[in-house]
Amino acid sequence: MAGSRATRRPFLGLSVAVALLSLQLLAGSGARGRLIPGETGAPADLGTGGAGWGGESQYGPFLRLGLPSGSASGEEACEQTYGVLPCTNTAVGNLFLLLVYGYLMFLGATLLSNGSEMLLEVLGPGIVGGLFLPMLGALPDAILILVSGLSGSRETAQQQVLIGMGLLAGSTIMLLTVLWGSCVVIGKCDLSENFTSIDSQDTKKFSLFGSGISTDIQTSYAARIMVISVIPFIIVQLPRVFKLSSGHRVTILISLIMSIVFLLSYCLYQAKLVNMLVFQPWIQRRRLAYAKLKHVISGILRHAEDQAPGRLFKDDGLPNIEVIEKLFNIIDENKNGLVSYSELKALVLGIQFEVIDLDSDDAVDKVMMDFDTSGDNNIDLEEFKIGMCRWLGEARHSVSASGSHSKFFHQFHLKTQEEHDMLLDKSDEAEEHDVNNLTLTTVKAVLLLLLGTIIAVLFADPLVDTVHNFSNATSIPSFFISFIAMPFATNASEAVSAIIFASRKKQRTSSLTFSEIYGAVTMNNTLCLAVFLALVYIRNLTWDFSAEVLVILIVCIVMGLFSSFRTTFPLWTSLSAYILYPFSLVLVYILDFVFGWT
């Protein structure tokens, strides 16, 4: 997926970010510009607007841009973040601020995502790409978790840290339920008799069992890694499970260390995978050349079955040597006991290969090299029989032997064509990732990363404060606000990209989509959890998040194990994923507010 999003409207994002940042700073500057010197409060006519100091308006303030320290009002004054950003105590005003700050965090996450992918193109594979870039994707969540309990007194931090836990749990569960299910629905294709998806074919529409998606085995490995990454959650809960009166800080420290170890191990694992891509172009060319040879041979076998005086297979499934010898005599036009280059080329030219772009000379060279073991640029009878028996065995292992012989060879020909097209698609995608101007790309990547980080750092604290204020104004627990709303802001860029890739309706893009989902959850369970645990340990906060940890464990383990041992997911699996989202919300509510776990 590298490079696909990095070029998607980066300068538009930059312009919007700079514009919004300027507006926020102007708002703050205007706030201080309206201050009136003196000990008395503001005049009544200045307090009745939609934005002011409050206390005189019959409707109450919508947003508060400035409050002199000596003013008094009937309501408690809100606290402005950084002393300049607007604040309010009303539900409507905080909802507006939630939308503004949420969009800014989305913008920061998008810039970080685009910049990291551009930087990956420049850095290429290696330790830097494996260690540095995966962390950038989780950086907005990590910053929000950090600021949720960084400032204020210990009691204030204990209250606001619920916002960080809500974001951590909500992000993980949203990725594995709403986004996972949506990618199945959008990426679904028809399922074949072998229970694998057929690329770009979606004729069964919304058939719960007849349509779905398929992924490769590496995607299953990513799901297993995700399941393993929940171990620190289990360790930190041990004192609660066994009702121990001591050892809480020790288990928090152990979980913190394990989270960091898992994070480094995962990044090194990612670096190893990326390093393997160094050889991918060479391997890809070799595979593509072999797939083309296989397709040419399948065409020869299909043509031979039609032209030969008999069947190429006996009734017992073994090659029919007698028919193969007769076929050799047909191809050997001058009857000298050898199939020459020109005779082989005449055979290849007589076969129709409409689908693939075939260079006849190249195809003849490959077939001659495959059959001519003596290296004399001719194929004798013995070499012909050995080569034909080998390729007939290859066909027998590739396609089931049901139906007529002509149908069997036709199916083998179609299968080799699909393999060739799949490798050709991979080769085309690899070529799209070439970077023409490394210097310009590096500058763009660094600017995007820098601006994205600045936006995330600047507006994380205001967003946390706004969630807390909105919770106070509406009496909605801050955990549920951060659980539902904030993950859609910080993960929106990844979600849009995943849906776009899933819409291509190919096994390769589906594999990439779901691998990124599992990878994002793994980063939540390592990097974001490590930040949260460090915050709790350093500020000596109470670990009181049993319900939240339980829903994370349930969703991660259920979806992880379900995805670890299968590679095809029918449409009905999306419904199961969707159900887990409201189930998680209801379970947390029942455990916290009915059974009093918190």
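These legends accompany several close-up views of one predicted model.

The model is predicted, so local features need pLDDT of at least 70 and side-chain atom pairs count only at pLDDT 80 or more, while totals for chains, interfaces and linings use all residues. Residues are numbered from 1 along each chain as its sequence is written, and side-chain values use heavy atoms, with hydrogens and water left out.

**View 1. Helix H5, residues 154-187, and its bend at Met174.** Helices are DSSP runs of H or I with at least four residues, numbered from the N terminus. Helix H5 has 34 residues and spans 47 Å between its first and last C-alpha, which is close to the 50 Å expected at 1.5 Å a residue, where the expected span is 1.5 Å times one less than the number of residues. At Met174 the helix H5 bends by about 40°, the bend being the angle between axes fitted to the seven residues ending at a residue and the seven starting there. Helix H5 is mostly covered, with 25 of its 34 residues buried; buried means under 20% relative accessible area, exposed means over 50%, and partly exposed lies in between, using a 1.4 Å probe and protein chains only.

**View 2. The salt bridge between Glu325 and Lys385.** A salt bridge is a side-chain nitrogen of Lys or Arg within 4 Å of a carboxyl oxygen of Asp or Glu, and by this rule the count comes to 7. In the pair Glu325 and Lys385, the closest N and O atoms are 3.3 Å apart. Glu325 belongs to helix H11 (residues 321-331) and Lys385 to helix H14 (residues 381-398), so the pair ties together parts that are 60 residues apart in sequence. Glu325 is partly exposed at 28% relative accessible area, whereas Lys385, at 15%, counts as buried.

**View 3. Lys385 and Glu382 within helix H14.** The side chains of Lys385 and Glu382 also meet in a salt bridge, at 3.7 Å from N to O. These two residues of helix H14 are 3 residues apart, and about one helical turn separates them. Glu382 is partly exposed, its relative accessible area being 47%.

**View 4. The salt bridge between Arg390 and Asp370.** The closest N and O atoms of Arg390 and Asp370 are 3.3 Å apart. This pair links distant parts of the chain, with Arg390 in helix H14 and Asp370 in helix H13 (residues 360-371), 20 residues apart. Arg390 is partly exposed, at 38% relative accessibility.
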